[in-house]
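Please read this briefing alongside the sequence and the three-dimensional view. It moves from overall confidence to individual elements and residues.

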Amino acid sequence: MDLTAVLLRLGAARPHVLLVPVPGAMDVRLAIEAELTHRGWPLATSPADADLLVVAGSAGPQLAAVVERTWAAVPAPRARTEISTPSRAVSALDVAAALLRNHAHQRAQSSEPHDLATVKEAEHGGEHGGEHGGEHGGHHHHGGGMDMPGGLPMADLGEDRDGLTLDRLHVPLGPVLPDWPAGLVLRVTLQGDVIQQAHAEVLDQGDQPAAEDPGDSGRDAVRELDALARLLAVAGWADPAAQARRLRDELHAGGPAERVTDRTVALLAQVRRSRTLRRLVRGVPAGPTDLATLVDRRLAAAGAAVRGVPGPAPAVVEDLAEMVVGAELAAARLIVAALDPVTGPVRHE
């Protein structure tokens with residue numbers, strides 16, 4: 001038996017998936033994440049860790065360009081697909097896994113357009129169709145965002161707040177990071193480990209789809225549980241993060257709201273009692289406030305949403321730059337997760 005074919009089959013049995021969410025495509029991402037959980041396929045933390053590159057939603061030109069750079073960093077054997085609707089999640093993942101274990105396909109890969117066209121052709125030959133690609137992978141540390149020319153951040157000189165001339169490093173965070181808002185790029189200027197300047201933008205912001213399900217009263221609760229899960233994951237609290245995701249998925253699938261509410265209230269009480277979390281966020285500046293206050297708002301928003309009562313207004317991307325200036329780079333990921341700014345279309349009641 002061909003050893004390469006055996007290894008490909010073994011790798012395709014539990015591939016690591018680098019998931020690239022498109023702004024405004026939360027339903028697609030949640031459907032993919034639920035299917036990955038069902039299959040036991042772990043999420044990759046970087047392109048180097050990935051076997052499958054999966055774009056959740058239809059990527060616009062800016063995000064599609066990032067996908068191409070990300071795809072180039074994914075080692076073989078590899079496959080990729082774009083899933084534009086929740087109903088395509090199962091079939092598209094089946095096709096991508098089949099290509100991952102197909103020895104002839106892996107050997108024949110010679111160009112990015114060929115790879116993607118093969119995925120699309122195979123999906124259309126089945127029940128559902130895939131589309132074009134989209135995202136770029138960061139690394140599992142502070143930021144790991146988009147590469148600069150030559151793969152290195154750019155640096156210059158500037159005065160710090162004490163008047164000393166120090167190196168200033170320009171570092172982009174996102175758009176492909178674990179538990180990071182879809183399409184967000186946060187460009188920061190560092191002196192030492194401290195953020196001196198920041199600018200936030202959302203890729204393809206003008207090309208985003210219309211808001212989905214404007215009459216769904218449970219949608220805010222799903223979004224808040226999703227945000228809570230990301231915050232807990234970035235804080236390194238894996239078990240409560242997994243609990244929040246299970247509650248999110250149950251509510252998103254139409255589970256009883258009362259059961260989800262009771263368990264969410266219990267989870268929030270557990271999080272609020274955590275001394276470890278409090279030590280992690282205490283005294284960390286976040287613009288005119290601090291990280292502990294942002295975390296309290298995130299917890300309050302989740303509690304209000306599952307009870308169906310008004311809560312704090314969701315943050316927007318324009319709030320982000322002010323919040324990270326003055327913070328250390330290591331804290332920026334937590335600040336972004338606590339704010340969880342809306343990067344998709346905002347629904348106006």
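What is the mean pLDDT of the protein, and what percentage of its residues reach 70 or more? The mean pLDDT is 82, and 75% of the residues reach 70 or more; pLDDT is the predictor's confidence in each residue, from 0 to 100. This is a predicted model, in which local features need pLDDT of at least 70 and side-chain atom pairs count only at pLDDT 80 or more, while totals for chains, interfaces and linings use all residues. Residues are numbered from 1 along each chain as its sequence is written, and side-chain values use heavy atoms, with hydrogens and water left out.

**Overall composition**

- The protein has 13 helices and nine strands; helices (H or I, at least four residues) and strands (E, at least two) are DSSP runs, numbered from the N terminus.
- Of its 349 residues, 50% count as buried, where buried means under 20% relative accessible area, exposed over 50% and partly exposed in between (1.4 Å probe, protein chains only).
- Among contacts with a separation of 6 or more, 70% involve residues 24 or more positions apart; contact means heavy atoms within 4.5 Å.

**The three-stranded sheet**

- Three strands form an open sheet in the order E1-E2-E3, with parallel pairing; two strands pair if DSSP finds at least two bridges between them.
- Strand E1 (17–21) and strand E3 (79–83) are the edge strands, each pairing on one side only.
- On average, neighbouring strands of this sheet are turned by 15 degrees against each other, direction ignored; axes are lines fitted to C-alpha atoms, for helices over the stretch in contact, and angles run from 0 to 180 degrees between N-to-C directions.
- Helix H2 (residues 26–39) packs on the sheet and touches E1, E2 and E3, its direction making about 165 degrees with that of E1.
- Strand E2 (residues 52–56) is joined to E3 by five bridges, and Leu53 stands opposite Arg80 in E3.

- Strand E6 (residues 184–191) is largely enclosed by the rest of the structure, because seven of its eight residues are buried.
- Eight bridges link E6 to strand E7 (residues 194–202), and the two run antiparallel.
- Val185 has Glu201 in E7 as its bridge partner.
- Two residues lie between the strands of this hairpin, in which Gly192 takes a positive phi near 70 degrees.

**Nonpolar cores**

- The largest nonpolar core holds 55 residues, and those touching the most other members include Leu173, Leu186 and Leu228; such a core is a set of buried Ala, Val, Leu, Ile, Met, Phe, Trp, Tyr and Cys residues joined through side-chain atoms within 4.5 Å.
- Helix H13 (residues 329–339) gives this core its largest share, nine residues.
- Apart from this core lies another, of 38 residues, among them Leu18, Ala56, Ala89 and Leu93.
- Leaving aside neighbours within four places in sequence, Leu228 is in contact with Ala244, Leu267, Leu268, Leu299 and Ala302.

**Ala337 in helix H13**

- Ala337 belongs to helix H13 and is buried, with a relative accessible area of 4%.
- Not counting residues up to four places away in sequence, Ala337 touches Ala227, Arg230, Leu231, Val234 and Arg298.
- Val295 is 42 residues from Ala337 along the chain, and their C-alpha atoms are separated by 8.9 Å.
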